[in-house]
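Welcome! Here is a short briefing to read with the structure open beside you. Take your time and look up each residue as you go.

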Amino acid sequence: MLPPFLYATANEAPVYESILNNRASKLINKIQSGTYVTITAEEGDFYKVITAGPNGWMRKTDLADTMGIKIFYLDVGQGDGVLIEVGNLRILVDSGPSVNMHNYLTKWQYTYLLNKGQQVHIDYVFVSHFDADHYKGLIAVLNDKRFTFGTVYHAGILKFAEKNNPYNTGLGDTIQHDGVEYLTKIFDNLLRTNEAAAFNRDIANFMDVVKKAAVENRLGKTKRLAAGDTAISKTIENKKFTIDILGPFTEKIGGRHRFIYWHDEGKTINGHSLVLKITFGARTFLFGGDLNTASELYLLQQYGNANPFMVDVAKSCHHGSSDFTEVFMQQVNPFATVISSGDNESFSHPRADAIGCAGKYARGNRPLVYSTELARSVSKSKILFGMINLRCNGNDIYMNQMKETNRPADMWDAYTLPRTV
Ligand SMILES: [Zn+2]
């Protein structure tokens with residue numbers, strides 16, 4: 001009996017137009033590892049397949065019933081937006097400042113399911129921190145009744161309207177303890193906050209949308225995460241899948257959790273971003289939000305001699321800003337770095353020193369540095385969704401971006417990362 005569907009195991013797995021006497025002829029398509037294909041027939045060593053591109057025949061040895069993990073680093077403009085699929089789970093890590101993520105989810109990735117009238121469930125949403133370029137794009141996704149959500153995780157610092165803020169920082173009051181300044185307000189369950197009137201307009205809008213989705217039974221719960229938490233721990237395809245939280249740290253003062261305040265609203269919010277370390281099988285991935293110099297040094301100090309930051313692939317912190325430390329980059333020491341930034345912005349992200357150091361402090365002789373703003377893909381002169389694609393079966397990591405071409409058989413600019421150095 002034919003399997004109804006399978007996944008490509010090889011990266012750039014070839015799809016052929018036809019077969020004759022168990023031999024393939026004419027390469028017409030190449031698909032990424034982990035790509036779903038529908039099986040419609042078999043002949044000898046080949047299956048006939050339906051793909052999102054041209055259909056044809058694939059070698060049975062290039063297909064399997066396991067998908068691995070797929071990480072989609074979407075070009076959301078100036079901001080971060082990442083979709084992760086692993087097993088049956090769908091996970092968002094931030095969603096950029098505007099509608100790119102919603103467009104991508106509804107007009108590309110899940111169009112097939114949505115057209116069939118199915119609701120799409122996002123199991124986990126991580127908001128690294130409450131800056132618009134990370135959370136504001138979620139509003140459109142949360143507002144779309146065709147989507148349901150499990151848990152929304154966040155770092156716990158919200159922004160207030162300036163008129164309610166005596167320190168004019170937008171962060172509410174601070175307290176002093178042993179000569180160090182700390183924030184007084186930390187939020188745990190966003191569904192139970194009743195201070196919407198005091199929040200700035202975008203945050204208030206976000207909170208309303210979260211609460212509305214919960215009232216409509218489309219959203220389960222919200223929860224603040226901090227260093228030491230494990231957000232997800234599962235076995236998927238017989239491999240370990242975990243999301244461990246490496247930051248932010250709180251300090252207990254007077255029996256309550258407090259965040260250190262770095263005398264600057266932006267730096268404090270950025271510096272207390274959720275820092276996610278994702279493990280799938282033997283490989284690891286870091287998402288460090290918008291960490292900066294002060295927070296990197298603070299995190300390194302908290303961990304002392306331990307280095308939990310070393311991973312195979314890192315998303316560059318703060319869109320490739322210059323506000324980073326070499327010592328933190330040395331600890332992360334990835335084979336590949338993905339910088340998520342926009343074309344049309346005034347910060348000049350990614351900065352030249354951030355790009356240089358991403359290469360300098362990487363592992364391997366030929367480290368990879370990606371930029372979402374360069375990952376533009378075109379089709380018949382129309383710009384599609386820019387994307388850095390990561391595929392991993394637990395051992396091998398493939399990174400692919402689309403070439404600016406229309407030929408499916410020559411579509412991928414593909415790399416396989418080293419397993420060790
Ligand atoms: Zn940002």
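**The surroundings of I28**

Leaving aside residues up to four places away in sequence, I28 touches V15, Y16, E17, P54, N55, G56, P408 and A409. Keep in mind that this is a predicted model.

- You will find I28 in strand β3, which covers residues 23–31.
- I28 counts as buried because its relative accessibility is 16%, and the cut-off for buried is under 20%.
- Take G56 from the list of contacts: I28 and G56 are 28 residues apart in sequence, and their C-alpha atoms are 7.8 Å apart in space.

**The zinc site**

- The zinc ion has the protein donors D133 (OD), H134 (NE2), D290 (OD) and H319 (NE2), at 2.0 to 2.1 Å from it.
- Along the chain, the spacing of these donors reads D-H-x155-D-x28-H.
- D133 sits in helix α3 (residues 132–135) and D290 in the loop between β21 (283–287) and α7 (293–303), so this pair ties together parts that are 157 residues apart in sequence.
- The arrangement around the zinc ion is irregular because the four donor atoms subtend angles of 87 to 160°.
- Are D133 and D290 buried or exposed? Both are buried.

**The two sides of helix α9**

- In helix α9 (residues 352–360), the buried residues are A354, C357 and A358.
- These three cover an arc of only 110° around the axis, so they lie on the same side of α9.
- Covering the buried residues of α9 are, among others, α8 (326–332), β23 (336–339) and β24 (368–371).
- On the face of α9 turned away from its buried side, look for the exposed residues A352 and K360.

**Aromatic rings and charges**

- The count of aromatic pairs comes to 17.
- One of them is F72 with Y104: the ring centres are 6.4 Å apart and the planes are at 50°, so the pair is tilted.
- F72 belongs to strand β8 (residues 69–74) and Y104 to helix α1 (residues 100–109), so the pair ties together parts that are 32 residues apart in sequence.
- Both F72 and Y104 are buried.
- F249 and Y303 make an edge-to-face pair, with 5.2 Å centre to centre and 70° between the planes.
- F249, Y303, F309 and F328 together form one aromatic cluster.
- The charged end of R90 sits over the ring of Y110, 4.8 Å from its centre, and the charged end of K185 sits over the ring of F160, 5.0 Å from its centre.

Note on methods: Residues are numbered from 1 along each chain as its sequence is written. This is a predicted model: local features need pLDDT of at least 70, side-chain atom pairs count only at pLDDT 80 or more; totals for chains, interfaces and linings use all residues. Side-chain values use heavy atoms; hydrogens and water are left out. Donors are N, O and S atoms within 2.8 Å of the metal (3.2 Å for Na, K and Ca); water is not among the atoms, so sites may look incomplete. Four donors count as tetrahedral if all angles lie between 85 and 135 degrees; four count as square planar and six as octahedral if opposite donors are over 155 degrees apart and all others between 65 and 115; anything else is irregular. Helices (H or I, at least four residues) and strands (E, at least two) are DSSP runs, numbered from the N terminus. Buried means under 20% relative accessible area, exposed over 50%, partly exposed in between (1.4 Å probe, protein chains only). The arc is that of the directions from the helix axis to the C-beta atoms. Contact means heavy atoms within 4.5 Å. Rings of Phe, Tyr and Trp (its six-membered ring) pair if their centres lie within 6.5 Å; planes under 30 degrees apart count as stacked, over 60 as edge-to-face and the rest as tilted. A charge sits over a ring if NZ of Lys or CZ of Arg is within 6 Å of the ring centre and within 35 degrees of the ring normal.
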